[in-house]
Amino acid sequence: NGPQLYALNKQALEAGTAGRVIHYANLTTQSGTLQPATSPGGQYATAARGTEYFVSGRDTLLPDGRLRPGQVQHVTVWSLTNTSVLQSGSGAPRLQSVVQQTEVYGQPVPLTQRAGPRPLGDSVGEPLPLLAGNDERLNQVVYAAGRLYTAVNTIIAGGPRTGIGWFIITPSVAGGTLTSAMHAQGYVVPAHANVAYPAIGVNTQGKGVIAMSLSGPGYFPSAAYQRITAGGTTGPIQVSKLGFRPEDGFTCYKAFGGNGVCRWGDYSASVAGPNGEIWSATEFIGSRARTVYANWSTFVWSVTP
């Protein structure tokens, strides 16, 4: 119960050989995900003979499957040091973790959406559905310019609604010991709408975007983003592609085994290209021809910080 970690030699993978594989089990029962940090432009952490950082949030589910109650104010920062031994073949990396205090976040709520034509929903006589807000697990982490960038779905007071909580954390491994400090944090919350499924992409200067899905009474499910730097988010939420109609797929409706809440977008992603621009992707409802049972699309776009 909990994440499993496998440390592998990437050069061996590229060469098509087995290489060394080191397995870490029984890490924690408090998180469903242990997210490794990607590094733009090959800007890896070289301290302690090679370091890979990870961040995990609190898992919504208890071991017995019930929802874990309440909100929390922490994430866990992890480091795997001495990673060079994966290539040399002697010794082992060292895995450590520290608890980092954060702003409060907790189980998100389903997202509302704008009403509109729904051929499938009308055919089974069911009302306008909601979009799943899933939970507050971390889904993507980036290590850039010495800092870790990540974000979560979270319930927002005054609705309730779902928004995004973001964190910029400064990790350090000195004298073989892992420490961390909160550099900046905050929320992304549009007026009278919801945002969810954040993916932060930043370049080697720590400049980039938080990609996300946007939905609410005035918005069909849309693709959106907000700019971010090492100091935090800047400027307004930008809509990169407006949704065309409501979500109207089979996962939404009781007639097909659903419960009025549609399966939605936990595969958003953002990544920095070699020239520093940020490419992102997230789910939205596009104008292309639908299938009988689904009408969702994925929008891909780039932003120059």
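Colleague: Is Gln100 buried or exposed?
Modeller: In this predicted model, Gln100 is buried, because its relative accessible area is 7% and the cut-off for buried is under 20%.

Colleague: Which strand does Gln100 lie in?
Modeller: Gln100 belongs to strand 6, which covers residues 94-105.

Colleague: What does the side chain of Gln100 join in a polar contact?
Modeller: The partner is the side chain of Ser180, at 2.7 Å.

Colleague: And which residues is Gln100 in contact with, leaving aside neighbours within four places in sequence?
Modeller: On that basis, Gln100 is in contact with Gln73, His74, Val75, Val77, Ile169, Ser180, Ala181 and Met182.

Colleague: Let us take Met182 from that list. Where is Met182 found?
Modeller: Met182 sits in strand 11, made up of residues 177-188.

Colleague: Why does Met182 count as partly exposed?
Modeller: Met182 has a relative accessible area of 23%. Partly exposed covers the range between the buried cut-off, under 20%, and the exposed cut-off, over 50%, so a value of 23% places Met182 there.

Colleague: What does Met182 touch, not counting residues up to four places away in sequence?
Modeller: Met182 touches Gln100, Gln101, Thr102, Phe167, Ile168 and Ile169.

Colleague: How many residues apart in sequence are Met182 and Leu111?
Modeller: They are 71 residues apart in sequence, and their C-alpha atoms are 29 Å apart in space.

Colleague: A change of topic: Thr51. Is Thr51 buried or exposed?
Modeller: Thr51 is buried, with a relative accessible area of 7%. This residue is found in strand 4, residues 51-56.

Colleague: Which backbone oxygen does the side chain of Thr51 reach?
Modeller: That of Ala47, at 2.6 Å. Not counting residues up to four places away in sequence, Thr51 also touches Ala45, Ser79, Leu80, Thr81, Thr83 and Val173.

Colleague: Now the whole protein. How many helices and strands are there?
Modeller: The protein has 3 helices and 19 strands. Of its 305 residues, 49% count as buried.

Colleague: Among contacts between residues at least 6 apart in sequence, how many join residues at least 24 apart?
Modeller: The share is 59%.

Colleague: Last one: how many positive and negative side chains are there?
Modeller: There are 20 positive and 14 negative side chains, and the centres of the two sets lie 5 Å apart.

Conventions:
Residues numbered from 1 in each chain as written. Predicted model: local features only at pLDDT ≥ 70, side-chain atom pairs only at ≥ 80, totals over all residues. Heavy atoms only, no water. Helix = DSSP H or I, 4+ residues; strand = E, 2+ residues; numbered from the N terminus. Buried < 20%, exposed > 50% of the residue type's maximum accessible area, 1.4 Å probe, protein only. Polar contact = N/O pair within 3.5 Å; in protein donor to acceptor, adjacent residues only side chain to side chain. Contact = heavy atoms within 4.5 Å. Lys, Arg positive; Asp, Glu negative; His and termini not counted. Charge placed at Lys NZ, Arg CZ, Asp CG, Glu CD.
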